[in-house]
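Open your viewer, have the selection tool ready, and follow along stop by stop.

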Amino acid sequence: MEPTADLDSYRERVRSWLAKNLEPTRQPRVHRVRGELPSAEHLNRQRAIQRKLFDAGYTGITWPREYGGQGLTAEHRRIFEEEAAGYALPDFAPLQNTTYAVCAPTMLAHASHEFKIRHIPAILAGDALWAQFFSEPNAGSDLAAVRTRAVRDGDHWVLTGSKVWSSGAMLADYGMCLARTDGSLPKHQGLTWFAVPTHAPGLTIRPIRESGGGEEFCEEFFDDVIVEDIDRIGEVNAGWTVATTMLGFERSAGKTQASRVGGPPGDLPADLVELARRRGLTDDGHTRQQIVRVHVGEFIQRQLGARIVDAMATNGAAGLASYLKLAEGLFTATRARITLELAGGSAVAWRAGDSVSRAAAMTYLNARVRSIAGGTNEMQRNAIGERILGLPREPSADRGKPFDDVIGQAGLS
Amino acid sequence: MAVTADSARDQELLRSSTARFLEASCPLSEVRSLLDDRHGFRPEYFQKGAELGWLALLVPEKHGGGSVSGRPFEDLALVLHERGRMLQPGPVAISNVVACAITEYGSPEQQEAHLSALAAGRSIGTWALTDGGGDWAPRGVAATAVDGGYALTGAKDLVLDAHIADVLLVSSTMSPGDQLAQFLVPTTTPGLTIIPLETLDLTRRLARVEFSEAVVPSVARLGVDSDAVAAIERQLQVAVTLLLAETIGSMDRMFEFTVQYAKDRVAFGRPIGSFQAVKHLLADLSLLLEASKAGVSAAIGAVQDTDTGASEVISLVKAFVSDSAIELAQGCLQVHGGIGYTWEHDMHLYYRRLAGDSALFGDPAWHRERICALHRL
């Protein structure tokens, strides 16, 4: 526990630095419309802000000093987050979470000292943004079934295969890639992680056009891509342990920030009130109930977030993040149904430029993103059922068998 | 809100001594044996609970009360959680609501007359609010000024434990006019009839109370004229929160034994909890339970700190937990299958309790509409 005086003077320093160096947020943060990737200019501006923060010592507040962090406590980070709430912090979406909340924390937990020296400072300085090269066309919920191969050749590895659903990979500098390094071992045991530069020869990255028209996700093709052994993350064939850590971070990514948990109820959802107003339904009992259902869901999710953050800090059980992920997956779909209902015909056809109606339609198209991406509702339910409630696992057809045999028997090789 | 190590230890002592006492003196077998009892609980049980401090936490020290941590609503919520887990009978939560109202709004004379008796469990208080029509507002009874006091006429419904209470806190309108007023009415007052109701929840007692020109002296009026609206709002917040503390305990225990059943019950050669159909249902219910606990913590904090936003917080939480309680109850019954539908299994006692709690002090739809009104929608 830090002496209070130290924390108070830290807060003072943060406050005065922020006031001198960062712009206030002009308007409350709105949900970014999916699929609209930031421009190169936008990213460069964000990198400049990140560099400013880095030079002043306000990045990686709790990360070790030897890797460019500040080595301070979670309390310091919370103070910084509180003070910075009204300022325009760097926004590398969709690479913000993948870089800072998922990939880097996973590397800190599992990568070698040399690896961290080589990569973490560049991340903190905003020079290296990371995407996840994780899912594959044949490995979604069954993530351990990845087939991208990495074959050792002296002091480097040769990767072949393909990855998919990597958010923002077109804009990233690196991908954190899971590959099979030994097919003679059971599924979970022959996996290893690598850092792959996105400009590496033999690597092709293509955007995937989504049903809503956007292009946030990408697919990658690895055609004898060379990766140095010093860019391996964690031990050879120990990749599943790393993956489990990463999945924990991914489930809680962005949901456990001080600004997104707890707090007072706030206003009724403005988009729904506006849709109801337009149709003259603000006195309609059913409409009012539906608006408040959404309001209740948003409030309760924030309270659940606070509870889970507390519990994770107390007993370190990262599995608890599945509750937040499942809550979000279920609630987003419910919210989309209610939005569509309140919008009525205006979400089906609208005049050009009517952003409220268009947003309602997009909410419907994106209703299932959060219940699929980053681990489906079903996988969260398995995790809660098995790891938290202690229910027995389903029998599995591939347990203990060499992975090469599994795909051979299934006629998939 | 951080509690000190000492407070945390004292709270844990209160919780564990309560849990041990309930286990020893009022396990579910005892709860069952009281189902047809006229009073619904044993006087010696209530007395022992009072000795453990159950009824004194919201009362000032000079009237024989005092909290263990300095955050009395948190302390009381721990007790009520344990009571809820074991479907405990008796007017603990509601008598605390009345004691709290007298503490916060009563005159020195009213505090002198009531608080030490309520804190010691020598007197039982309950609150008569609704007319039973679905609106948890002070309807149904009108008070007319008469010589030296007030005459109350009308009827209140869904009054907890009125049959055993000594004093009713009656929220009424003034006649003529529509001003609100509250009165502390002894249940022995002539003109007052208490009619026990049949209840879905067999472990709680509810009554209808009819007032036929029941006359109380002027000193029975709680607070001054301007207080009634704020006092009734505060009482609702307290009543909802204390009820929720019990509800969450019942949900917690019901889910616990259901998960155990899913591990123990074997079908098709393996525990039913290994099948995703069952596992996923339990995971969804577990999420509702965790989210409900998070909400109830927020409600307790808001009521403890008398947050300006407490009105909305308790309604948000009551709406969510009430819906979740019903879903959890039905889901747990589903996992048990036929055995859960028998009288002998404790399932139905929890199933009944959660439906009762969902309706008391406002069902989800009522609270959602209240939230709209708070936002002036």
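## First stop: two helices in chain B

Select α1(B) and α4(B): α1(B) passes α4(B) in a right-handed crossing (left-handed if the near helix is turned anticlockwise from the far one by less than a right angle, right-handed if clockwise). Before going further, note that this is a predicted model, where local features need pLDDT of at least 70, side-chain atom pairs count only at pLDDT 80 or more, and totals for chains, interfaces and linings use all residues. Residues are numbered from 1 along each chain as its sequence is written, while chains are lettered from A and ligands numbered from 1 in the order in which they are written. Helices (H or I, at least four residues) and strands (E, at least two) are DSSP runs, numbered from the N terminus.

In chain B, α1 covers residues 5-25 and α4 covers residues 72-85; they pack at an angle of about 25°, with their axes 9 Å apart. Those axes are lines fitted to C-alpha atoms, for helices over the stretch in contact, and angles run from 0 to 180 degrees between N-to-C directions. That angle makes α1(B) roughly parallel to α4(B) (under 35 degrees is roughly parallel, over 145 roughly antiparallel, 65 to 115 roughly perpendicular, and the rest oblique).

Now show the side chains: Q11(B), L14(B), R15(B), T18(B), A19(B) and L22(B) of α1(B) meet E74(B), D75(B), L78(B), V79(B), E82(B) and R83(B) of α4(B). Contact here requires C-beta atoms, placed from the backbone, within 7 Å. Colour these residues by class and you will find five nonpolar, two polar and five charged. Ala, Val, Leu, Ile, Met, Phe, Trp, Tyr, Cys and Pro count as nonpolar, Asp, Glu, Lys and Arg as charged, and the others, Gly among them, as polar.

## Second stop: where the chains touch

Select both sides of the contact between the chains: chain B supplies 35 residues and chain A supplies 31. On the chain B side, α8(B) gives the most, with 15 residues. That side has 17 nonpolar, nine polar and nine charged residues.

Next, pick α8(A) (residues 285-315) and α11(B), which pack at an angle of about 90° with their axes 9 Å apart. This makes α8(A) roughly perpendicular to α11(B). Look for R288(A), Q289(A), V292(A), R293(A) and H295(A) of α8(A) against A365(B), R368(B), E369(B), I371(B) and C372(B) of α11(B).

Centre on F183(B) and V185(B), the residues with the most contacts inside the largest nonpolar core, which has 152 residues. Such a core is a set of buried Ala, Val, Leu, Ile, Met, Phe, Trp, Tyr and Cys residues joined through C-beta atoms within 7 Å. Buried means 20 or more other C-beta atoms within 10 Å of a residue's own, exposed means 12 or fewer, and partly exposed lies in between, with C-beta atoms placed from the backbone. The largest share of this core, 18 residues, comes from α7(B). A second, separate core of 63 residues includes F54(A), I61(A), V146(A) and L191(A).

## Last stop: backbone details

Most residues other than glycine have a negative phi, and most peptide bonds are trans. Zoom to A93(A) and P94(A), joined by a cis peptide bond with omega near 0°. S175(B) to P176(B) is also cis, with omega near 5°; P176(B) sits in the loop between β4 and β5 of chain B.

Then select E213(B), in strand β7 of chain B, where phi is positive, near 50°. With 12 C-beta neighbours inside 10 Å, E213(B) counts as exposed.

Definitions and conventions: Two residues are in contact if their C-beta atoms, placed from the backbone, lie within 7 Å.
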